[in-house]
Amino acid sequence: MSANREPFVASGDIPPSPPPSSVVGPVAWVRENLFSSIPNAIMTLAGLFIIYSLLASVIPWLFVNSVWNATSLGHCREIDNGACLAVIKERYLQFIYGFYPEAERWRAILTFVLMVVAVWPILFAGAPRKLFYFSAVYPALAYWLIWGGTIWGPVGVMLGPIIAIITYRILSTVLRGTSMEEGIAGVLALIAAGLAMVIWWLLGVELFDGTVSSIVSIGLPVVESDKIGGFLLSTLIGVSGIAGSFPLGIALALGRRSNLLFIKAISTGFIEFIRGVPLITLLFVASTLLNYFLPPGTSFDIILRVVIMVTLFASAYMAEVIRGGLAALPKGQYEAADALGLDYWKSMRLIILPQALKISIPGIVNTFIGLFKDTVLVSVIGLLDPVGILNPIRADQNWNGIVWELYGFISIFFFIFCFGMSRYSQYLERKLQTGHR
Amino acid sequence: MATISSTGDTNFRIGMLIYDTRYRSYTIQIIALIIFMLAAAWLVNNVIENLAALGKTFSFGFLNDTASYDINQRLIDYSSTSSHARAAVVGILNTLLVAILGCITATVVGVVAGVLRLSNNWLIARLMTIYVEGFRNIPVLVWILITVAVINETLPAPNQFRGADPDASPLLGGMLVLTNRGFYIPAPVMGDMSMAVVIVFLLSVGVMIGFRRWAKKRQEATGEILPLLPISLGILFLPTLLVFFLLGMPITLEYPELKGFNFRGGVFMRDSLIGLWLALSLYTGAFTAEIVRAGILAVSKGQSEAAFALGLRPGRTMNLVILPQALRVIVPPLISQYLNLTKNSSLAIAVGYMDATGTLGGISLNQTGKEFECLMLLMAFYLIVSLSISAVMNWYNERVKLRER
């Protein structure tokens, strides 16, 4: 009978029963995130419809019915009604290099590979520090590789800073030996070093180039600027602009926050002027007006002119971003730097700028992305960047009327670069995060 | 024993110009000033010499010369016999037109996309992320070219509207005609007494603003809230409609009609204007969406919880608590997006829309060879626009600034 039955005593933990399927799992997720209410469900359906119609038109067009092998648009249409990717296949080298001579394209590739090496120590902390020396000489090297000519010209230009340093070292030791006051000696040496560099650039480089070339002639075939185009040109302008606008932007930002009235006025005026006009007007200035500002008879390369204008343009925006970072820094940081007895440059270099730049990373990278996107504007003044390359292709009888394939190709290139940059900025923000969160 | 002694050395030495903070800033500034003046003098001198060498003079007289080129999209009368100055004005008005249209649509697109990105609907939020990232990471010039290409390639040509069984037909009962050359919309035709309707409408706008101010004051004084929306809408439209019908409908719409090979009548907006407008709106809209999202996220959750705890309904919470705080974060960057849009509208030159850059900085410049004058005027125009927009922004910032102790 019941007396024999032992009362139930649990001998161990009873495993918890699984939550009902309406709370966890894919069904619950769908219910919560896609169909939580009637308006939500309508939006989901609308979204699904949009995705479906996009995919239904793009996938057959791009993958199923696309034509890779054809000689003209008409030929493409005869074969199939999808994307005529044959144009990309035929012209992709032009999109990459512009009209850069075929035999010399290895130079562009080498420049790009070396750029990755030069940029590595700047972007990632794990790189060997010695690589910084390579980064320092890279601009001259890249210039020589891309434009060709004798190597001694760029080498001569790179010698300028070295000459300045040597002049400074020698003069300051010599002058210290005299009875001259120390401060004056330092300043005199500095001025002399600057002068020596400028004089070397104006007079010495050519002479150096001439003499050394006559002894040891190392050179590459010259490539004219109007041959350079495509993504090569975009990258060239973009990277030089980025490299130039960052230091210039810091200088302008410091200038705008300076106590020195005149410096502040110049910086503010420059920033507001550049930010007030569209880049395209500045590019017009580069293409039509800049030669007026130079001594009669001189004219310099259009790509160089554009790089200068793009750099100035981006540096004004950069300055405002960095100024925001400087303003966001608590006042205590400035006061602490002063209290430690640091002078202006030391306090900026060691205390203020590292923090201010860290705060402004998102803005800085946004400016870089903007600059890189803005490089397509050079097509308006006739340079052959990817958008500029489009016109000769679309004007070609074989490919007349082709649109989507070409725009799509360019868009993908820019998307990859710009999206990559924004991801990098997020990585950098996380890495430099020192807040206690 | 250490003694603190002041040297009391007041003799001026040259080194003090650098090492004494009393003088150093002056030294630096004077050196900078001298360098600046020298550079400026050098540049001006070069310009004078170059202009002289080319036999050019610096004058704005060319503005009165005949422009002798056509502008196909214009807001005011213009013909090829008009002056360069008039062409410039047409261009400036075109810039302002596309800028204003673009700012309005970019705001609408941006607010919708920004709010939807925060939606708890997973799919919609992801779709909006794709929209935002796609537009932000591809140059606006490419978007402009793509949009114009979409209009040119996918929409029907005007002659496809012809015949008994046309391939294409106007939309919305003949009001909207989309062709690959541009869009036609109805044009208002002002009959007799139509000014009365316009004046009544403007008066109603004034009365409505006055009413809202009064209602706000009354609410602050007594705490009573009037049903603002229906009353303002009533004030805005009822008198105007009344006058409109009493006067026998003086304003009518002129529909675009197919005549010959093309449409006549209505307002014609060229493909380049539409493409530029759409591309700028979508591009700026993507940036605006991020701004709106950041603004909404910037209002801490405690604010809405506090408002609910006070017993405010969700609508009131939004209007009285969330929005005023979010707008303080949203408006300044939004205004600089408007500024960017205005400056980006100069890319019109790539699709042949004749804005200020296309007329003053484009054809006028090339025809007259007055690079200096044209570019100076063009930059001055853009500077004036952007400085006035910044002035508005500063005024707004000042007005909404948190007043702390």
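In this predicted model, the axes of helix H13 (residues 331–339) of chain A and helix H14 (residues 344–359) of chain A come within 10 Å and cross at roughly 165 degrees. Because angles over 145 degrees count as roughly antiparallel, H13(A) and H14(A) are described as roughly antiparallel to each other, and their crossing is right-handed. On the H13(A) side the contact is made by A:Gln333, A:Tyr334, A:Ala337 and A:Asp338, while H14(A) contributes A:Ser347, A:Ile351, A:Ile352 and A:Gln355. Sorted by class, this contact has four nonpolar, three polar and one charged residues. The spacing of such residues can be read against a general rule: an α-helix has 3.6 residues a turn, so residues three or four places apart point the same way.

Further along chain A, A:Ser360 lies in the loop between H14 and H15. Is A:Ser360 buried or exposed? It has 23 C-beta neighbours inside 10 Å, and A:Ser360 therefore counts as buried, since the cut-off for burial is 20 or more. Leaving aside neighbours within four places in sequence, A:Ser360 is in contact with A:Val321, A:Ile322, A:Gly324 and A:Gly325. Between A:Ser360 and A:Leu340, by comparison, there are 25 Å in space, C-alpha to C-alpha, and the two are 20 residues apart in sequence.

Helix H15 (residues 361–374) of chain A has 14 residues, which at 1.5 Å a residue should span 20 Å, and the C-alpha atoms at its ends are 20 Å apart, so the expectation and the model agree. Among the buried residues of H15(A) are A:Ile364, A:Val365, A:Phe368 and A:Phe372, and A:Lys373 and A:Asp374 are buried as well. What covers the buried residues of this helix includes helix H9 (230–256), H11, helix H12 (302–328) and H17 of chain A.

The last topic is the meeting of the two chains, where 47 residues of chain A are in contact with 49 residues of chain B. Helices of chain A that each supply at least two residues of the side touching chain B include H2 (38–64), H8 (182–215) and H10 (261–276), together with H11 (279–289) and H17 (404–431). Of these, H17(A) gives the most, with seven residues. The table sorts the side of chain A that touches chain B by class.

| Class of residue | Number on the side of chain A that touches chain B |
|---|---|
| Nonpolar | 34 residues |
| Polar | 11 residues |
| Charged | two residues |

Notes:
Residues are numbered from 1 along each chain as its sequence is written. Chains are lettered from A and ligands numbered from 1 in the order in which they are written. This is a predicted model: local features need pLDDT of at least 70, side-chain atom pairs count only at pLDDT 80 or more; totals for chains, interfaces and linings use all residues. Two residues are in contact if their C-beta atoms, placed from the backbone, lie within 7 Å. Helices (H or I, at least four residues) and strands (E, at least two) are DSSP runs, numbered from the N terminus. Ala, Val, Leu, Ile, Met, Phe, Trp, Tyr, Cys and Pro count as nonpolar, Asp, Glu, Lys and Arg as charged, and the others, Gly among them, as polar. Axes are lines fitted to C-alpha atoms, for helices over the stretch in contact, and angles run from 0 to 180 degrees between N-to-C directions. Angles under 35 degrees count as roughly parallel, over 145 as roughly antiparallel, 65 to 115 as roughly perpendicular and the rest as oblique. A crossing is left-handed if the near helix is turned anticlockwise from the far one by less than a right angle, and right-handed if clockwise. The expected span of a helix is 1.5 Å times one less than its number of residues. A residue is buried if 20 or more other C-beta atoms lie within 10 Å of its own, exposed if 12 or fewer, and partly exposed in between; C-beta atoms are placed from the backbone.
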